[in-house]
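Hi,

Here is the structure I promised to send over.

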Amino acid sequence: MELLHTEITDNILKTFYGFKNKLPIELDLTFFKNALEIELQEIGLNVVKDKLIDLLYKQKSIGQLTTDLIVNNKIAIKVVSNKLEILEKDIIEMKTFLKLTEFEVALILNFGADGEHKRILLTNNYKKNLG
């Protein structure tokens, strides 16, 4: 079974692992997010940083959600820098983001010492309609 948006996620991961060690891990997450945005744009991907997405209830906005980067309007990315591993709270946050938006694929990219990623999938046909 082929994964959803594989070509885009493969390009993102190849780029992430290709440059993740170029910045010291002690930096604020903003630096990693900005550098990742530049790197992804250089390989031809459309990247929007900190995009606000309306959360609708009965066709009315009840607030806005955001994530670090949106790539090609298909992949949501959360940037973290945890020393050991991606935390469960980050995974839960991205699962919730997918559940409440039209996005189906998310990546958590950890710029910590070893660098790692998590790919999260929640297809729209499994989501519950909020209203």
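A quick word on terms: helices (H or I, at least four residues) and strands (E, at least two) are DSSP runs, numbered from the N terminus, and two strands pair if DSSP finds at least two bridges between them. This is a predicted model, so to speak of local features we need pLDDT of at least 70, and side-chain atom pairs count only at pLDDT 80 or more, while totals for chains, interfaces and linings use all residues. Residues are numbered from 1 along each chain as its sequence is written, and side-chain values use heavy atoms, with hydrogens and water left out.

Five strands form an open sheet with mixed pairing, in the order 1-4-5-6-7. Strand 1 (47-49) and strand 7 (116-121) are at the edges with a single partner strand each, so one side of each has no neighbour in the sheet.

Now helix 2 (residues 29-42), which lies across strands 1, 4, 5 and 6. Its buried residues (under 20% relative accessible area, 1.4 Å probe, protein chains only; exposed is over 50%, partly exposed in between) are F32, K33, A35, L36, E37 and L40. Just after helix 2, G44 has a positive phi of about 95°.

Cheers

Note on methods:
Contact means heavy atoms within 4.5 Å. Axes are lines fitted to C-alpha atoms, for helices over the stretch in contact, and angles run from 0 to 180 degrees between N-to-C directions.
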